[in-house]
Amino acid sequence: MTLVLSTYWRSSAAYRVRIALNLKGLPYASVPVHLVREGGEQHRPEYRAKNPQALVPTLEVDGVPLTQSLAIMEWLEEEHPIPPLLPREPIRRAQVRAFALAIACEIAPLSNLMVRTYLADVLELTSGAQQAWHHHWMSRGLAACEAMVAGGGSPFCFGAAPTIADCTLVPQLYNARRFALDLKPYPTLLRAEAAMLALPAVQRAAPEAQPDAS
């Protein structure tokens, strides 16, 4: 099986998938797609043919493109279940998925490149107003995520091993720091992040470790 990942070093969605691939121990070829250069390489016809949304990541499996980071991670779990990134218990699996969806669908999209461009170029918000926008939505979402996992003594979000919840958490906290958000109100999330960042597989997925980092 040949895996080719179209990625961008600072994309949180691509970062999630890199973490999952590395935790699964799956080799893959990385193809950088620069989201800013020349208007964004994701808008080129040859890339849109693989991903009509013009987003990253795209994971090609023997030439067949898969899109949307959580769908890709679910496919990885189904095809390569060891090591697992979802708990065995159905209730626990639903809780993990809910946490991952809260980040991937509710928090992260509100600060992605398309939104930032719209806030700046169309709404013409000042840099201060844009920062306030990002802080409002990130802090609201992370507070909910903290409540989902607070009180547990596990190193990771939902137990003694990483799950897709942790795969989504690490990139979101990376983004939060880019926007200078105070993370002290989220001690449980920070503990899970620290456990993840101690893993070589996660370290290799870091934005600064990617060949297209700039």
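Two strands pair if DSSP finds at least two bridges between them, and helices (H or I, at least four residues) and strands (E, at least two) are DSSP runs numbered from the N terminus. The model shown is predicted, so local features need pLDDT of at least 70 and side-chain atom pairs count only at pLDDT 80 or more, while totals for chains, interfaces and linings use all residues. Residues are numbered from 1 along each chain as its sequence is written, and side-chain values use heavy atoms, with hydrogens and water left out.

**View 1. Strand β1 and its antiparallel partner β3.** Strand β1 covers residues 3-7, and strand β3 covers residues 58-61. The two are joined by four bridges. Within this pairing, L5 has L59 of β3 as its bridge partner. Four of the five residues of β1 are buried (buried means under 20% relative accessible area, exposed over 50%, partly exposed in between, with a 1.4 Å probe and protein chains only).

**View 2. Strand β1 and its parallel partner β2.** Four bridges also connect β1 with strand β2, residues 29-32. On the β2 side, S30 is the bridge partner of L5, and P32 stands opposite T7. From β1 the chain passes through helix α1 (residues 12-24) to β2 in a right-handed β-α-β crossover; right-handed means that, with the strands pointing away from the viewer, the path from the first strand over the helix to the second runs clockwise.

**View 3. The largest pocket and its lining.** A pocket is an open set of points on a 1 Å grid over the protein atoms alone, where a 1.4 Å probe fits, with protein on both sides within 12 Å along at least five of seven lines; lining residues have an atom within 4 Å of a point. The volume of the largest pocket is about 810 Å³, counted as the space filled by probe spheres set on the points. Its lining has 34 residues, and S11, A13, L55, V56 and N112 lie nearest the centre. At least two lining residues come from each of α1, α3 (69-79), α4 (90-107), α5 (113-122) and α7 (164-178). The lining comprises 18 nonpolar, 12 polar and four charged residues, with Gly counted as polar.

**View 4. Cysteines C157 and C167, neither in a disulfide.** The count of disulfides (pairs of cysteine sulfur atoms within 2.5 Å) is zero. For C157, the nearest cysteine sulfur is that of C145, 8.2 Å away. For C167, the nearest is that of C157, at 9.7 Å. C167 counts as buried because its relative accessibility is 0%.
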